[in-house]
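Please read this briefing alongside the sequence and the 3D view.

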Amino acid sequence: MIVAERKPLDEIKEMVKSYKKLLTVGCGGCTSICYTGGQREVGLLNEDLKNSLEKEGMATQPDSFTIERQCNADFYPELDEIARNYDALLSMACGAGVQFLADRYPEKPVFPALNTIFVGIDKDVGWFEENCRTCRECFIGETGGICPVTRCAKSLFNGPCGGTSREGKCEVSKDTPCAWYEIFKRLKDQGRLENILKVKPAREWKNQTRGTMIHEAYQKRYAK
Amino acid sequence: MNQTIPNQETKKVDTKKIKSLLNRRKGKMKRFLSYCAHCSLCAESCFLYMKYKKDPKYMPSYKVINSLGKLYKKRGNVDWKFLNEIKGIVWKNCVLCGRCYCPIGIHVPSMIAFARTIVRSQEVYPQLDEASPESWL
């Protein structure tokens, strides 16, 4: 899922303070699950905004509404009726959701209340870790299910740099495990250590361009 | 973190608000509800239904009829107990993946999403990081 964190209050205030009627829009998807953009967090942000703006004598009045997913048009009809009554929208979705919201209401200023951080996993309650950089050329089958692009500080493809400590930690931080040390251990335990010797060709870094994917079964439907 | 679910013993359900929300999309939603022919063809398009050994309570039609359908049937005159029952149906039994298929063209996800909106309007929604008897995580 996509993990995000709330922007500093001052930054949010700066963006929205010139609008009198503000609607903070929550998202019931990923940002709700990582406790940054769901209905509860919308309420908390609005409280903070109200208190802070009142102290500064600003007239901004934030209201709230949460839709199930800001990245899917199916969930917008209820918001359509509400959004038209506001001067600006403050989105608590990931970057994709904010852009979708802005496209949906091109006449309204839309602001992001969150910074999207990464694609990650729920390690425990409130503990999320990045595990994928969406490079579009997954080769973790050869690296024991451990992604060096994400977990190595230098994103090295073909073995570790010279900075791995004896304890198997990264030279960047003693608390960070060396991805290639982890890969070595995993492959050794699985009896597949020969994989580590395979030289992988240079990646294309396809994620540097905007991605579009149409499922094979739907290609006819969307053919131009 | 702060708890935003209202104290259900002291705060009343705002049935006026629920009624107004129900009325706002009454035409489309009631039409969808009446079109359902109970053919159960939607069932196997739900991965939860398949995962839970074809338990009927995971059928998309069951979920809609027992959440939004009941809200309309009761005309919004509901209590906390009922809202919490719906909460289980629309959040625990449905992840809103949007893959349910209806041969008649009923858009099940929008109905579930609308039921969620109504429940949300009373500040009832899953608290994913809090252990409670009703927690499903």
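This is a predicted model: local features need pLDDT of at least 70, side-chain atom pairs count only at pLDDT 80 or more; totals for chains, interfaces and linings use all residues.

For chain B, the average pLDDT is 89, and 87% of the residues score at least 70.

**Contact between chain A and chain B**

- Chain A gives 15 residues to the contact, and chain B gives 15 residues.
- On the side of chain A that touches chain B, the elements giving two or more residues are helix 3 (39-55) and helix 4 (77-83) of chain A.
- Helix 3 of chain A supplies the largest share of that side, with 4 residues.
- Sorted by class, the side of chain A that touches chain B has 5 nonpolar, 5 polar and 5 charged residues.

**Helix 4 and helix 6 of chain B**

- Two packed helices are described by the angle between their axes and the distance between the axes.
- In chain B, the axes of helix 4 (residues 60-73) and helix 6 (residues 108-120) come within 10 Å and cross at roughly 40°.
- Helix 4 of chain B is therefore oblique to helix 6 of chain B.
- The crossing of helix 4 of chain B with helix 6 of chain B is left-handed.
- From helix 4 of chain B, the residues in this contact are B:P60, B:K63, B:V64, B:S67, B:L68 and B:L71.
- They meet B:V108, B:M111, B:I112, B:F114, B:A115 and B:I118 in helix 6 of chain B.
- By class, this contact between helix 4 and helix 6 of chain B has 10 nonpolar, 1 polar and 1 charged residues.

Technical notes:
Residues are numbered from 1 along each chain as its sequence is written. Chains are lettered from A and ligands numbered from 1 in the order in which they are written. Two residues are in contact if their C-beta atoms, placed from the backbone, lie within 7 Å. Ala, Val, Leu, Ile, Met, Phe, Trp, Tyr, Cys and Pro count as nonpolar, Asp, Glu, Lys and Arg as charged, and the others, Gly among them, as polar. Axes are lines fitted to C-alpha atoms, for helices over the stretch in contact, and angles run from 0 to 180 degrees between N-to-C directions. Angles under 35 degrees count as roughly parallel, over 145 as roughly antiparallel, 65 to 115 as roughly perpendicular and the rest as oblique. A crossing is left-handed if the near helix is turned anticlockwise from the far one by less than a right angle, and right-handed if clockwise. pLDDT is the predictor's confidence in each residue, from 0 to 100.
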